[in-house]
Amino acid sequence: MSDLLFRNISQYINLSEEDFQQFVKPFELKTFKKKEVILKEGDYCFFEGFVLNGCFKICYLNENGFEQTLYFAVEGWWITDIDSLINNVPSILNIEALEDSEVLMISKKDKEHLYETMPQIEKLFRIMNQRSSVALQRRILSLTGKTADKRYLEFLEKYPGLEQRITQQQVAFYLGITHEFLSKIRRKIFEK
């Protein structure tokens, strides 16, 4: 099961098999059922999770009470509320399983211990956080500067095959549009 995690981190750092076994030791395998909420707004986030299989949405309710999905986490993606985790503040995010899922979870305490005992792990998470910051910046620019049509095409490119695994309503929440408007966009795109 940890093969996917090994391949994921090998993109950023080189670890021997022995070091990898030390790295993965504090992770705990957890299973979640479809629709199970693993982090609720107002709760504190004490974990980071690596998705082995399944799909999650990371979302919040905007000031009008409408759901806005920040991102989806599928196989090989990480899930957390980084603000809550780092700053020890209540989460404004919700993390919900959209499918039955398996996740390798690590606590903040165990991650900090890895930093102290395995310096290359601090490098790993620094690189991953930099990449996450770039992705977040691109997401903000997309939401504020691109048409819904372009955002939909970017969604299809970023998450190949995901549209068949989730509802059109969930895609619309990610794009920041209504389900009806998404239907019009899809019709227009697929007629071309």
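This is a predicted model: local features need pLDDT of at least 70, side-chain atom pairs count only at pLDDT 80 or more; totals for chains, interfaces and linings use all residues.

**Y159 and its surroundings**

Leaving aside its neighbours within four places in sequence, Y159 is in contact with Y71, F72, W77 and Y174, where contact means heavy atoms within 4.5 Å. Residues are numbered from 1 along each chain as its sequence is written, and side-chain values use heavy atoms, with hydrogens and water left out.

Y159 lies in the loop between helix 6 and helix 7 (168-175). Helices (H or I, at least four residues) and strands (E, at least two) are DSSP runs, numbered from the N terminus. Is Y159 buried or exposed? With a relative accessibility of 3%, Y159 counts as buried; the term buried means under 20% relative accessible area, exposed means over 50%, and partly exposed is in between (1.4 Å probe, protein chains only). From C-alpha to C-alpha, Y159 and L104 are 21 Å apart in space, and 55 residues apart in sequence.

In an open sheet of 4 strands, the order is 1-8-3-6 and the pairing is antiparallel; two strands pair if DSSP finds at least two bridges between them. Strand 1 and strand 6 are at the edges with a single partner strand each, so one side of each has no neighbour in the sheet. Helix 1 (residues 3-10) packs on this sheet and touches strand 3, strand 6 and strand 8, its direction making about 115° with that of strand 3. Axes here are lines fitted to C-alpha atoms, for helices over the stretch in contact, and angles run from 0 to 180 degrees between N-to-C directions.

Strand 3 (residues 47-53) is largely enclosed by the rest of the structure, because 6 of its 7 residues are buried. Strand 3 is joined to strand 8 (residues 101-107) by 6 bridges, and the two run antiparallel. Within that pairing, N53 stands opposite E102, and the bridge partner of G49 is M105.

Another open sheet of 4 strands has the order 2-7-4-5, with antiparallel pairing. Its edges are strand 2 (37-39) and strand 5 (67-73), each having a single partner strand, so one side of each is left without a neighbour in the sheet. From one strand to the next, the twist averages 30°. Strand 4 (residues 56-61) and strand 7 (residues 94-97) run antiparallel and are joined by 4 bridges, with C59 opposite N94.

**Helix contacts**

Next come two pairs of helices. The axes of helix 6 (residues 148-158) and helix 8 (residues 179-191) come within 10 Å and cross at roughly 75°. Helix 6 is therefore roughly perpendicular to helix 8; angles under 35 degrees count as roughly parallel, over 145 as roughly antiparallel, 65 to 115 as roughly perpendicular and the rest as oblique. Helix 6 contributes A148, D149, Y152 and L153 to the contact, and helix 8 contributes F181, L182, I185, R186, K188, I189 and F190.

For helix 4 (residues 108-117) and helix 5 (residues 119-145), the axes come within 5 Å and cross at roughly 120°. These two helices are therefore oblique to each other. Their contact is made by K111, L114, Y115 and T117 of helix 4 with P119, I121, E122 and F125 of helix 5.

**Aromatic pairs**

Finally, how many aromatic pairs does a search of the whole structure find? The search finds 17, where rings of Phe, Tyr and Trp (its six-membered ring) pair if their centres lie within 6.5 Å, and planes under 30 degrees apart count as stacked, over 60 as edge-to-face and the rest as tilted. The rings of F32 and F56 have centres 6.1 Å apart and planes at 80°, so this pair is edge-to-face. The pair links distant parts of the chain, with F32 in strand 1 (residues 28-32) and F56 in strand 4, 24 residues apart. Both F32 and F56 are buried. Ring pairs also link F6, F20, F23, F27, F50, W78, Y115 and F125 into a cluster.
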